[in-house]
Amino acid sequence: MSTSSPDYDVAILGAGIAGSSLGAVLAKQGAKVLLADAGSHPRFAVGESMIPQLTAWMEVLALRYDVPELLALADASVINEKVSNTFGRKRHFGFMLHHPGEEPDPSQAHQFVIPKLLSESSHLFRQDSDAYLFRLAVMNGCDTRQNWMVTKVAFDDDRVTLLGADGRDVSARYLVDASGFRSPLAEHLELREKPARFKHHARSMFTHMVGVTPYDDVLETPEALKPPARWHEGTMHHLFDRGWFWIIPFDNHDKSRNPLCSVGVTLDERKYPKPTDLTPDEEFDLLLSRFPAVKRQFTGARKVREWVSTGRMQYSSHKTVGKRWCLMSHASGFLDPLYSRGMSNTFELINALAPRLLAALADDDFSEERFRFVEEMEQGLLDWNDTLVNCSYISFSHFRLWDAVFRVWGSGTTPGTLRINNALRAYRVDRDESVFEQLEKAPHTGLWWPDSDAFKELVEATERACLLYEAGQIDGDTAADMILRMLDSSEAVSRSFGWKDMDQRFIFPSQSDMLHYLEEISASPLPELSVLGQEALTAFRAAAAKGGWTGR
């Protein structure tokens, strides 16, 4: 053991959105932090679509650790002025089902317009958002090493030592690897599960383009079947059997000056093996040729960077925490971007890791057990998302079954967000951190709405029906009916918003809808739902009396 003190309290590998955000928080709280990366900023990254849970977790970090600059990223009304004028706006999740060689049926579409009363979200142009967070980490006191490749990791009783390809080494009391798939720590400790444990399978191709036509402008839809918001105002998902395209525009409101659009496709590689005789451009064009309406969006469009084309994207780790180390977020595992969970999972994990790490630094105790909940959360977030995404891919071949899966997913998003927003409001009153600690005591860690046994049962019933359909033991209508019957009888699902109304495919809650929802769930027989409603309803009425309501 060395007689000198380690160079740093914490070394973080990876200066992307995860590493920089954690570094900013720790350094602001007085920790001596090194933020190291094999690359440099600015750089291309995907995972651009925000969701309400993400903005809520960003706000928790901003308030709890006095990092107010995070609020600019969480607020869609100011992000283009305070961070960069390159971000798009996300009003909704949009989904339309397609069949090869056919025009899409406008009745086979869904839209979930995010209630402004919960949050307003953005499409993050990641080279700018990540560079902003990197600068924030530096401003808060992090030392940095960019273009520094770690070639060796060594652990001793009192430190971890990193050796770079340039021959320089550095030591720290604790190591967080937030670097992603090519994690030096995962390689050194042989942490990867081979193959990944997930049921879901998919590969991906993605890039940025200019000249992508808004979907609203290439589709003729009867007035009665038009969604409440333009497709171009949100994240568009074009679904087809065992795959989907994403369209994420950055130019969809007047405060953005970014002409680019994020474009990608994910495919079950068992049904669509990666071709060896086609370039990514050729494969993408071949896929477009199967779906006429999607193809029209890309007439005249061109890429501005080379395609990234992957093999199977899913990877997992059998362990994510140990003595003096944590394999964090996308270094620990990855699933699929279908429901935009990646960044939300990252910030939820930072909220679990940061208080434990600061406490460990204070009392010099880095035992694995004190970080056990971080591992439970990391693995739970991945496993529950695997369940829902796998069900979704199975259902894309049958609209009624997909409609049922959509309703299960959507019904859990509002209570899942309300629980965080309620904690935020309580914390603003007396700065009592126990409200955040209470969030961790939910019984189903990693589930969208982790407090509810009834919602867990609904998700598990959805999986059973989808797996029976996949195995050919029942048809799609039977599987859909199994899910929809349980959804209709479930106390976890409110009748507000239309989740139980099969004729309502566009979910677009107004302020009065939100009030009705809170009143309804306040009287729920489920304590986990009634408490959410009563707390939020009290805040709603108080804010309404003053002339405003932000949801948080």
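Modeller: Helices (H or I, at least four residues) and strands (E, at least two) are DSSP runs, numbered from the N terminus. This is a predicted model, in which local features need pLDDT of at least 70, side-chain atom pairs count only at pLDDT 80 or more, and totals for chains, interfaces and linings use all residues. Residues are numbered from 1 along each chain as its sequence is written, and side-chain values use heavy atoms, without hydrogens and water.

Biologist: Which helix holds valine 138?

Modeller: The C-alpha atom of valine 138 is separated by 8.7 Å from that of serine 20, 118 residues away along the chain. Valine 138 falls within residues 126–139, which form helix H5.

Biologist: Is valine 138 buried, partly exposed or exposed?

Modeller: Buried means under 20% relative accessible area, exposed over 50%, partly exposed in between (1.4 Å probe, protein chains only). Valine 138 has a relative accessible area of 39%, so the class is partly exposed.

Biologist: How many residues of strand S14 are buried?

Modeller: S14 spans residues 261–267. One side has Cys261, Val263, Val265 and Leu267, the other Ser262, Gly264 and Thr266, and both faces are covered.

Biologist: Which residue of S14 is the bridge partner of tryptophan 244?

Modeller: Strands pair if DSSP finds at least two bridges between them. S13 (residues 243–249) runs antiparallel to S14, with 7 bridges. S11 (residues 203–210) is also antiparallel to S14, again with 7 bridges. For tryptophan 244, the partner in S14 is threonine 266.

Biologist: How are H13 and H14 oriented to each other?

Modeller: The axes of H13 (residues 453–470) and H14 (residues 476–489) come within 9 Å and cross at roughly 170°. Axes are lines fitted to C-alpha atoms, for helices over the stretch in contact, with angles from 0 to 180 degrees between N-to-C directions. Angles under 35 degrees count as roughly parallel, 65 to 115 as roughly perpendicular, over 145 as roughly antiparallel, and the rest as oblique. H13 and H14 are therefore roughly antiparallel.

Biologist: What is omega for the cis peptide bond between lysine 194 and proline 195?

Modeller: Most peptide bonds are trans. Proline 195 sits in the loop between helix H6 (184–189) and S11. The bond from lysine 194 is cis, with omega about 0°.

Biologist: What is the relative accessible area of phenylalanine 497?

Modeller: Phenylalanine 497 lies in the loop between H14 and strand S19 (506–507). Phi there is positive, near 75°. Phenylalanine 497 counts as buried because the relative accessible area is 8%.
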